[in-house]
Structures are given as structure tokens and as C-alpha cells.
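This report describes selected local features of one protein chain. The sequence and structure are shown below.

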Amino acid sequence: MILKRQGYYKEMSHGDDTDQSIFEYIHKKIDNKDKICNYLRNGYVLAACGSVVKDIICPEKGVIGSPDDITDGTWIWPADLVYYVENYDLQLEEEFIKHMAKQSWSVPKDLIIDEDDIEVI
């Protein structure tokens, strides 16, 4: 199973130095924001983490969630991604949004994940 990475930014503790900056994608016009947020919330937890993450845009807001990895079988994203879409109008890749719409804004219910056969791109 190949999973496409979305929503990991270099400022995040679970991002890479080579990832883009979150600051380039905030405060954008987001169509279907409620549907996108609902989709992001309803993915499957692929990897649960025992730690927490803080708001990287406004650190004084404190803890916002955990850095769990979430998937729909095609894409993988961090659990805190929905927070940034909701609170900062974070723009996601158009390909990811089109994928969600094609799924009728609903994560597949019959998803089978083989953890031994995952490649993240």
C-alpha cells in the first residue's frame, strides 16, 4: 500500500526539515471546510503516539492534540492537521481535496490496512 503524505510541515515536531513551511499555507480561502475537517477527523489511526503537540503558530494556545498518523488508505496525515484547517484556514493540496470529494467526503468504511506493506511517498 502506497500512502501519499499530506499536512506535515517543517515546524512540526513530526515534520521533516525538507517539508514546506506551514506559514505559506495558512489564512487561505477554504471551500468545503466543514466537509474537509469531518473527513480528516474520521480517518483510521495508523500509528498512535503517546505524546502531545502544541500549536506551532500560536504556542501560547498550548496542547492541541497528538501527532498520531491517520489514513484513508490512499493518503496519510497527522491527527493535528484538522486543528490547523479549522483554526488557521490551512490550505491542503488540491489533489487531496479532490480525492476527498471523490469519496463523497467520507473515509471508506471497509478499509483493510496491512501494516507490513506500507510505503509513504
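Which backbone nitrogen does the side chain of Asp19 reach? The side chain of Asp19 reaches that of Asp16, at 2.7 Å.

## Basis of the report

The model is predicted: local features need pLDDT of at least 70, side-chain atom pairs count only at pLDDT 80 or more, and totals for chains, interfaces and linings use all residues. Residues are numbered from 1 along each chain as its sequence is written, and side-chain values use heavy atoms, with hydrogens and water left out.

Asp19 lies in the loop between strand E1 (2-5) and helix H1 (33-41); helices (H or I, at least four residues) and strands (E, at least two) are DSSP runs, numbered from the N terminus. With a relative accessible area of 11%, Asp19 is buried (buried means under 20% relative accessible area, exposed over 50%, partly exposed in between; 1.4 Å probe, protein chains only).

The side chains of Asp19 and Arg5 make a polar contact (2.7 Å). Such a contact is a pair of N or O atoms within 3.5 Å; within protein, one must be able to donate a hydrogen and the other to accept it, and residues adjacent in sequence count only if both atoms are side-chain atoms.

## The sheet

An open sheet of 5 strands has the order E2-E5-E6-E1-E7, with mixed pairing. Strand E2 (44-47) and strand E7 (119-120) stand at the edges, each with a single partner strand, so one side of each has no neighbour in the sheet.

Strands pair if DSSP finds at least two bridges between them; E1 and E7 do so in the parallel sense over 2 bridges.
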